[in-house]
Amino acid sequence: MGISMRQQFWQGKRVLITGNTGFKGSWLSLWLTHLGAEVFGFALEPKNPSLFKLLRLDQSMAYTFGDVRDTDRVVKAVSELKPEIIFHLAAQSLVRPSYTDPVTTFSTNIMGTVSIMEAARLQDHVRVLINVTSDKCYENKEWIWPYRETDPMGGHDPYSSSKGCSELVTSAYHKSFFDKGNRDIAIASARAGNVIGGGDWAADRLIPDILNALSENRNIVLRNPNAIRPWQHVLEALGGYLLLAEKVWENKDLSGAWNFGPSPSAETAVVNVASKLVQFWGQSRSKVIYDTLENPHEAMTLKLDSTKAHFLLNWKPRLTLDESLKWIVDWHRQYLQQENMHHVTLEQIVKYEKCSSSELRSRS
């Protein structure tokens, strides 16, 4: 069987991923390795449990441990590794910890972006830089309409504000150094929804908390049961990032901001996601209860408009919310059974590559 057009593009490409030891970074590292890219990483040392180690990425890719706030070290790493494409994923990625440690949140998410932009500015070999931010970068007006790339940046909490600032840094570097200059480099930012998937063990996140409760037959405690979020499987978001990198490599004019959100049917309340996971897990004594304590402010309604990506990149979500949650339950069960998670994760990547949404539904 011949290789796909995507494999033809990525084979031999030198790719740097910041934050490669994290949840999304580990999935992306495995996918790019599978596609034949020469993958490098720059990140903090992984925490336990570590998806990075579970997928054996510590044995299959080159990586350096470091802090993206250390601009000199980032510039040195980019200079030595000579990547053609950079995916900047390194971040403090949680809302509630941003309240307890706003300084680390702002410094990591803002100055980390400055570090990688500066490294790209100083190195001629970088052709594409994708800064992965968040759906929470928008000034949230708590309205029912989805946010578009042209809506203003903002953020009530330190995390959301820092991601809006990261977008402003990206735009400033693009306009100041890359847009009209003689550098052949494309700079783009990617804003995904609430990304979910197997191997996410971050503290204080809905899916990991629910799965842990189900596996231990504990009650599931929800802080904001009626909050509406754009839920999407990690492969949906990463598929958008990969496609964006491919397209801006060919056409620098596609630089700029891009939303990669789920279909409207996947934009649903927290309590609905919890109920579906209980249903798909089966045979559990866990019950869904509500946290009555006062919690820090979090947006109640958040939706993304991905029309731009649909029309200009031909990107569309492939998985329904039910499919995404079933894949996550299956992944987590096999993890608990101590299966080979490198194989399990790679199987889901290959399945996602090969199947359209309609084909997946016909098999369920």
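**Cysteines, a sheet and a threonine**

Modeller: The sulfur of Cys137 sits 11 Å from the closest cysteine sulfur, the one in Cys165, which is too far for a bond. Keep in mind that this is a predicted model.

Biologist: Is Cys137 buried or exposed?
Modeller: Cys137 is buried, and its relative accessible area is 0%.

Biologist: And what about Cys165?
Modeller: Cys165 is partly exposed, at a relative accessible area of 25%. Buried would need a value under 20%.

Biologist: OK, switching topic. What's the strand order in the open sheet of three strands?
Modeller: The order is 7-9-11, and the pairing is mixed. Strand 7 (194–196) and strand 11 (267–269) are at the edges, and each has a single partner strand, so one side of each has no neighbour in the sheet. On average, neighbouring strands there are turned by 50 degrees against each other, ignoring direction.

Biologist: Remind me, what holds strands together in a sheet?
Modeller: In general, strands pair through backbone hydrogen bonds, in either a parallel or an antiparallel way.

Biologist: In which sense do strand 7 and strand 9 pair?
Modeller: Parallel, over three bridges, with strand 9 covering residues 228–233. For Ile196, the bridge partner in strand 9 is His233.

Biologist: Now Thr105. Where does it lie?
Modeller: Thr105 is in helix 7, which spans residues 102–122. Thr105 is buried, with a relative accessible area of 0%.

Biologist: Which side chain does Thr105 make a polar contact with?
Modeller: That of Gln92, at 3.0 Å. If you skip the neighbours within four places in sequence, Thr105 is in contact with Gln92, Pro97, Ser98, Pro158, Tyr159 and Ser162.

Biologist: Last thing, confidence. What's the average pLDDT for the protein?
Modeller: The average is 91, and 93% of the residues score at least 70.

Biologist: And where does pLDDT stay under 50?
Modeller: Over residues 360–364. The model has ten contacts beyond four places in sequence for that stretch.

Technical notes
Residues are numbered from 1 along each chain as its sequence is written. This is a predicted model: local features need pLDDT of at least 70, side-chain atom pairs count only at pLDDT 80 or more; totals for chains, interfaces and linings use all residues. Side-chain values use heavy atoms; hydrogens and water are left out. Two strands pair if DSSP finds at least two bridges between them. Helices (H or I, at least four residues) and strands (E, at least two) are DSSP runs, numbered from the N terminus. Axes are lines fitted to C-alpha atoms, for helices over the stretch in contact, and angles run from 0 to 180 degrees between N-to-C directions. Buried means under 20% relative accessible area, exposed over 50%, partly exposed in between (1.4 Å probe, protein chains only). A polar contact is a pair of N or O atoms within 3.5 Å; within protein, one must be able to donate a hydrogen and the other to accept it, and residues adjacent in sequence count only if both atoms are side-chain atoms. Contact means heavy atoms within 4.5 Å. A disulfide is a pair of cysteine sulfur atoms within 2.5 Å. pLDDT is the predictor's confidence in each residue, from 0 to 100.
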